[in-house]
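Subject: Structure for your review

Dear colleague,

Please find below the structure that I am handing over to you.

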Amino acid sequence: LLTQGIGHTKFKDSPLGKIPESWEVKALKDSRIAVIDGDRGASYPNGDDFQHSGYCLFLNAKNVTKNGFRFEDYQFIDEAKHRQLRKGTLERGDLVITTRGTIGNIAYYTEDVPFDVIRINSGMVIIRNSQNEISTEFLVQLLDAPIVVDQIKMMSFGSAQQQLTVAILNNLNLPMPPFDEQREITKTLESVGNQIAAESNKLSTLQQLKKGLMHDLLTGKVRVA
């Protein structure tokens, strides 16, 4: 879907290989999509600044996973410390991508996220889509797809710890279908994703059931006739 689209019969060469004739390929930096680093200056919070509750959620590596945001383990800074920092505050509709250690994990800051003030840490950047050429939902799918993930793997650096920079992200090439087709592709991918999630939950339930039955059989709680 992200390389051949829906219903196309005519294709052309591009930096990403064959794509439909009506599509374009643009670097992130040429798409009016901002890549925003966090504040890494003298006011960057340290251990004494973090609290179990507070004004601003300060993201850690465990909060941005391959499956989006996860908030089982979190930390806050107070409003005074938040106001000492400059860039790095999320706006609803932003994406967060991890850039150090486990690179390329993506989370989408939608209205469903239960925190109103969030900041990224030094191992993340914000991707902010402020134009109407590309759907943010489509961008989420793109950044998690092999056509972009392979570019990230090729351009990342570091032997002990993989890293990405703002410059690397700005140079990622993205396939750009017409907006209506982006929405169709996104709808299809989200439907498949929901089906996978439902089947995964079903599998987990069956595995737990099997584990319980095996325990009952092996301990003699249930006898085999």
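This is a predicted model: local features need pLDDT of at least 70, side-chain atom pairs count only at pLDDT 80 or more; totals for chains, interfaces and linings use all residues.

Residues are numbered from 1 along each chain as its sequence is written, and side-chain values use heavy atoms, with hydrogens and water left out.

Helices (H or I, at least four residues) and strands (E, at least two) are DSSP runs, numbered from the N terminus. Two strands pair if DSSP finds at least two bridges between them.

The four-strand sheet

An open sheet runs in the order β4-β12-β9-β10, and its pairing is antiparallel. At its edges stand β4 (33-37) and β10 (106-108), each of which pairs on one side only. From one strand to the next, the twist averages 25°.

Strand β12 (residues 124-129) is joined to β4 by five bridges, and Ala34 stands opposite Arg128 of β12. Four bridges join β12 to β9, where Val96 has Ile126 as its bridge partner. Val96 also stands opposite Ala107 in β10; β9 (residues 95-98) and β10 pair over three bridges.

Six of the six residues of β12 are buried (under 20% relative accessible area; exposed is over 50% and partly exposed in between, with a 1.4 Å probe and protein chains only). The strand is therefore largely enclosed by the rest of the structure. Met124, Ile126 and Arg128 lie on one side, and Val125, Ile127 and Asn129 on the other.

The three-strand sheet

A second open sheet has the order β8-β5-β11, with mixed pairing. Its edge strands, β8 (76-77) and β11 (118-119), each have a single partner strand, so one side of each is left without a neighbour in the sheet. Strand β5 (residues 56-58) and β8 are antiparallel over two bridges, and Cys56 has Ile77 as its bridge partner in β8.

The helix pair

Helix α2 (residues 136-143) packs against helix α5 (residues 179-218) at an angle of about 60°, and their axes are 9 Å apart. Axes are lines fitted to C-alpha atoms, for helices over the stretch in contact, and angles run from 0 to 180 degrees between N-to-C directions. The two helices are therefore oblique to each other; angles under 35 degrees count as roughly parallel, over 145 as roughly antiparallel, 65 to 115 as roughly perpendicular and the rest as oblique.

Yours sincerely
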